Amino acid sequence: DRLRSRGLGDVYKRQINIWIAYRYFSCLMAPPVLMGGGMLAASLMATSYYNEWEMDTMLGESVCLLGGGTFFFTICCILFSYVFCISRLNRSAKVELDFLKQARMETFYVFSIIVALVGVVLKLYYMVAQFGALGWAELIVAKRMDDWNGDDLLQIPFYVRQMGSYTSIVAYLTVWLLVIMSISEKKNRRILRILLIVHLMFTFVDGMLSGSKAPILGIIMLFAVSFFFVFYAKRGNFNLSRKFFVRGLVVLVVLASLFRGLSMVIGRNVSERSNWDLLAEYCGAEIKNFDLYLQQNSKRRNSAIWGENTFHSFYSEINPNFERENGEFQYVGDYILGNVYTQFRPFHEDFGIVGIFTMCFFIAFISMFFYSRSTCAFIEPTKINVYVFIYASIAMSIFMSFFSSRFTESICRMGWIRSSIYLVVLVWFVKHYFCLLYTSPSPRDRSLS
């Protein structure tokens, strides 16, 4: 008794929720704007392959769950904005690096670059020792296959992994300082700027060695969150010109055109695939895959363990023997659609239709909690705020909801809690050793921070 929809046109219409989200929050980095933007981008990409992927056969249930779940998330975020206090922009803020103790910060980054360099070299050493003297791309492929097959032949020592963790944590500070430098009217501190850029380069290299695009995309999102928070504070309002949006669109098109090249750098075999086919599989095919999943599974599956698909990362941490099957690869004709199904498949598998909306409510609560506290940066953009860093760490997971349940995979686990603790320690360290004393905030600002 399932009704066939008219295809993804209905899914696209439901993305009107991004307009509602942006009209209400005005900030491009607000949780519902991020999730709605990701879903809209995936819908538009899937629409461009309407005939090739047979989008006209989509179920009405698929359309309702995809559009309804995203819209429900937006409504929950609006409701939580009344629960959590969100700072409002009412004046332009000064954006300068006058608060830094430059000599100490430069010394800190010389040390951090050395740690990053040694960490990358040691990772390459252990990869070559295990897989042989292969090229860059071949080494990354070998590592990915080792991880994918569960062989775990590559054993990188704990202290080397911690060097990588240290580099990724310090990258939050690196990007934040670079953003302030780029927006500041003063273009001095040349040595520090060079050190920051070098550290960021090593962070990219360390991320590429994972064989995944996630670390690199995470840095891009970290830059976006840091940039917009500081940019809005300097302007004193949320108004963005059409010229700004056009430039942003050009940047996105350029990044999209480099997608195949990035895949090759991290060792993916894409020699017979066009850039846009790859991009469509990564950002768009998930919409069709979720519909195929519903067509093949009229009812939710009975999970052997509560939430085993939604919280599989957490279960894998606490139980090394926990196993979960990856999603099936889907095809339509000669087109490869991959094996990811948006965030809604694991929710549906574990908890059914009600679970989709329950999980959207849960994600909205967590997202708005950290977003509300990070908005203190609108008032004092150069006062280092750990909530900005923590929110930046979850922003990519919110945006990538069109891809998979990145939020529960990345955030609902012990590793993310440890990373958040490291960020708290980093911010405390920077405040006490690298910054001049801040002027005391007003009682209202203090309550927000």
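User: Which residues have the most contacts inside the largest nonpolar core?

Analyst: This is a predicted model, in which local features need pLDDT of at least 70, side-chain atom pairs count only at pLDDT 80 or more, and totals for chains, interfaces and linings use all residues. Residues are numbered from 1 along each chain as its sequence is written, and side-chain values use heavy atoms, with hydrogens and water left out. In soluble globular proteins, nonpolar side chains tend to be buried together. A nonpolar core is a set of buried Ala, Val, Leu, Ile, Met, Phe, Trp, Tyr and Cys residues joined through side-chain atoms within 4.5 Å. Buried means under 20% relative accessible area, exposed over 50%, and partly exposed in between, with a 1.4 Å probe and protein chains only. Here the largest core holds 125 residues, and those with the most contacts inside it are Met-29, Met-105, Tyr-109, Leu-173, Tyr-371 and Tyr-391. Apart from that core lies another, of nine residues, including Met-127, Phe-131, Ala-142 and Leu-154.

User: What is Tyr-109 in contact with, leaving aside its neighbours within four places in sequence?

Analyst: Contact means heavy atoms within 4.5 Å. With those neighbours within four places set aside, Tyr-109 contacts Val-170, Leu-173, Thr-174, Leu-177, Leu-192, Leu-195, Leu-196 and His-199. For the protein as a whole, among contacts between residues at least 6 apart in sequence, 79% join residues at least 24 apart.

User: How many helices and strands are there in the protein, and what percentage of its residues count as buried?

Analyst: Helices (H or I, at least four residues) and strands (E, at least two) are DSSP runs, numbered from the N terminus. The protein has 19 helices and two strands. Of its 449 residues, 53% count as buried.

User: How many salt bridges does the count come to?

Analyst: Side chains of opposite charge can pair when their charged atoms come close. A salt bridge is a side-chain nitrogen of Lys or Arg within 4 Å of a carboxyl oxygen of Asp or Glu. The count by this rule is five. One of the bridges joins the side chains of Asp-206 and Lys-123, with an N to O distance of 2.8 Å. Asp-206 lies in helix α8 (residues 190–208) and Lys-123 in helix α5 (residues 102–131), so this pair ties together parts that are 83 residues apart in sequence. Asp-206 is buried at 13% relative accessibility, and Lys-123 is buried at 14%.

User: Where do Glu-317 and Arg-413 lie?

Analyst: Their side chains meet in a salt bridge, at 3.6 Å from N to O. Glu-317 belongs to helix α14 (residues 312–318), while Arg-413 is in the loop between α17 (406–410) and α18 (414–433), so the bridge ties together parts 96 residues apart in sequence. Glu-317 is partly exposed at 30% relative accessibility, as is Arg-413 at 29%.

User: What does the side chain of Ser-313 reach?

Analyst: A polar contact is a pair of N or O atoms within 3.5 Å; within protein, one must be able to donate a hydrogen and the other to accept it, and residues adjacent in sequence count only if both atoms are side-chain atoms. Ser-313, in helix α14, reaches the backbone oxygen of Glu-409 with its side chain at 2.9 Å. Not counting residues up to four places away in sequence, Ser-313 touches Glu-409 and Arg-413. Ser-313 is buried, with a relative accessible area of 15%.

User: Are Arg-345 and Glu-349 buried or exposed?

Analyst: Arg-345 is buried at 6% relative accessible area, and Glu-349 is buried at 5%. Salt bridges that share partners join Glu-328, Arg-345 and Glu-349 into one network. Within it, the side chains of Arg-345 and Glu-349 meet at 3.2 Å, N to O. These two are four residues apart in helix α15 (residues 344–374), and about one helical turn separates them.

User: Which ring does the charged end of Arg-345 sit over?

Analyst: A charge sits over a ring if NZ of Lys or CZ of Arg is within 6 Å of the ring centre and within 35 degrees of the ring normal. The charged end of Arg-345 sits over the ring of Tyr-341, 4.3 Å from its centre.

User: How many aromatic pairs does a search of the whole structure find?

Analyst: Rings of Phe, Tyr and Trp (its six-membered ring) pair if their centres lie within 6.5 Å; planes under 30 degrees apart count as stacked, over 60 as edge-to-face and the rest as tilted. The search finds 49 pairs. Tyr-24 and Phe-25 have ring centres 4.9 Å apart and planes at 75°, so they are edge-to-face. Tyr-24 is partly exposed at 28%, whereas Phe-25 is buried at 5%.
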